[in-house]
Amino acid sequence: MSLYQRLNEGSDEPVTQQAARNSVLDDLRHRVHGTLIEELGPVLYDKRLSDDELKKLVHDALHAALAQERTPISASDKAQLIQDVSDDILGYGPIDKLLRDEDVTEIMCNGPDQIFAERSGKLVVEEVTFSDEAQLRRVIDKIVSQVGRRIDESSPLCDARLPDGSRVNAIISPLAVGGPYLTIRKFSTDPLRIDDLIRFGTLSVHAARFLQACIVGKLNVIVSGGTGTGKTTTLNVLSSFIPETERIITVEDAKELQLNQEHVLSLETRPPNIEGNGEISIRDLVKNTLRMRPDRIVVGECRSGEALDMLQAMNTGHDGSLTTLHANTPRDSLSRLETLVLMAGFDLPVRAIREQISSAVDCIVQLQRLRDGTRRITHITEVAGMEGDIITLQDVFMFDFAAGVDEQGRFKGQLKPTGVRPKFAQKLADNGIRLGPEMFSPAGPEAQQKGRGR
């Protein structure tokens, strides 16, 4: 679909007239865009100009270019053309509208002619498209260059981020057949807080109080889940519980965490240069972090040998560290952690690895994307220790799937205590945080309080 076909929805014009009109608008758009690029050139990338100054320059040049054109167009077509060209030059082309839409959580460009968006957990096809492959490549180049990355034939895939922290992945020819492909996972400009997760049903009020106690009490926590389950969002919310007085160092592939504490240092990996040299990995950064006197280390995601360095940090006085990893259950997360440790390149016995894990990790927060499209915490699980060669786990909170679904197919259950009091409750008590028995009652804190009242 042409960029301008949406202007014709509901029109009574014959199809041939609409096609001719769209062709004229597309040609005009290409000419005006080319004129602006030729006139402004390097000015578009001048860091000394503020956003308002650059916007004014582009709009003035755009109106001047349109004044020189003799193609007759309606006022509505002209306004839309100005908006589209401005978005293309100042922003990210046709996906600018989707980036501004708060209901959209993910944008997937499957080449220039097909754009999907995720709304309320469901994928829908959007009407907007790129005019051609070159326009999509310009948007990709603009995104990756803003964070000092590159994408070309020698390095045809790239992870990057937008200024608001939204995660970006781009892959081009020859790897992308029919591409380029661009995927953007949007992050809210106003970071979600624990109250938001409670309102969404991600967790319950007393589960939130319990997790807050775990973070303040300096337990080592792993946030586990599949792709798109909300691990980074949950990690961000949990990190917000870290006291203001502590020195926090975050390590990420691309900066996504948005912590509001005053003493936060953010580290970001660096890809290799065009000669294949100069790469700085997450593992390199985690090692360096240990020399920076951190109170807390927050690793955006463990996906390789840095898991070993993270475990060693947790075992050598850096209590209260947090990270995420991909796994579908708490038990699977331990198996994956073992595999990641082996990727560090050391031939360690499995029992030694498991002893490291059981000693380092206190709690696993498991997330799942349910079939109704919602993201829920399904388990809060304690790593209780070792029995023989097996790491023992016990669930402290579990999602109540038995509650069923409502008329809209949405799960009615919530995260509830299992009745198990975790062993690390004593560690929390030693740090001045005491959890009453009502916190772990399957009937809930409210029922406990009513019982005492009787």
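A salt bridge is a side-chain nitrogen of Lys or Arg within 4 Å of a carboxyl oxygen of Asp or Glu. By this criterion the side chains of D152 and R150 meet in a salt bridge, at 3.1 Å from N to O, and a search of the whole structure finds 21 salt bridges. The model is predicted: local features need pLDDT of at least 70 and side-chain atom pairs count only at pLDDT 80 or more, while totals for chains, interfaces and linings use all residues. Residues are numbered from 1 along each chain as its sequence is written, and side-chain values use heavy atoms, with hydrogens and water left out.

**Salt bridges and burial**

- Buried means under 20% relative accessible area, exposed over 50%, and partly exposed in between (1.4 Å probe, protein chains only).
- D152 is partly exposed at 25%, and R150 is partly exposed at 26%.
- D295 forms a salt bridge with R293, with the closest N and O atoms 3.0 Å apart; D295 is buried at 18%, whereas R293 is exposed at 55%.
- Salt bridges that share partners join D101, R119 and E126 into one network.

- Helices (H or I, at least four residues) and strands (E, at least two) are DSSP runs, numbered from the N terminus; two strands pair if DSSP finds at least two bridges between them.
- Nine strands form an open sheet of mixed pairing, in the order β9-β8-β10-β11-β7-β12-β13-β14-β15.
- β9 (264-268) and β15 (415-417) stand at the edges with a single partner strand each, so one side of each has no neighbour in the sheet.
- Strands β13 (residues 375-387) and β14 (residues 390-399) run antiparallel and are joined by eight bridges; H379 stands opposite M398 in β14.

**Helices**

- Helix α3 (residues 75-90) has 16 residues and reaches 22 Å from its first C-alpha to its last, close to the 22 Å expected; the expected span is 1.5 Å times one less than the number of residues.
- The buried residues of α3 include D77, L81, I82 and V85.
- The twelve residues of helix α7 (residues 205-216) should span 16 Å, and the end C-alpha atoms are 17 Å apart, which agrees.
- Among the buried residues of α7 are H206, F210, L211 and C214.
- K218, which follows α7, has a positive phi, near 65°.
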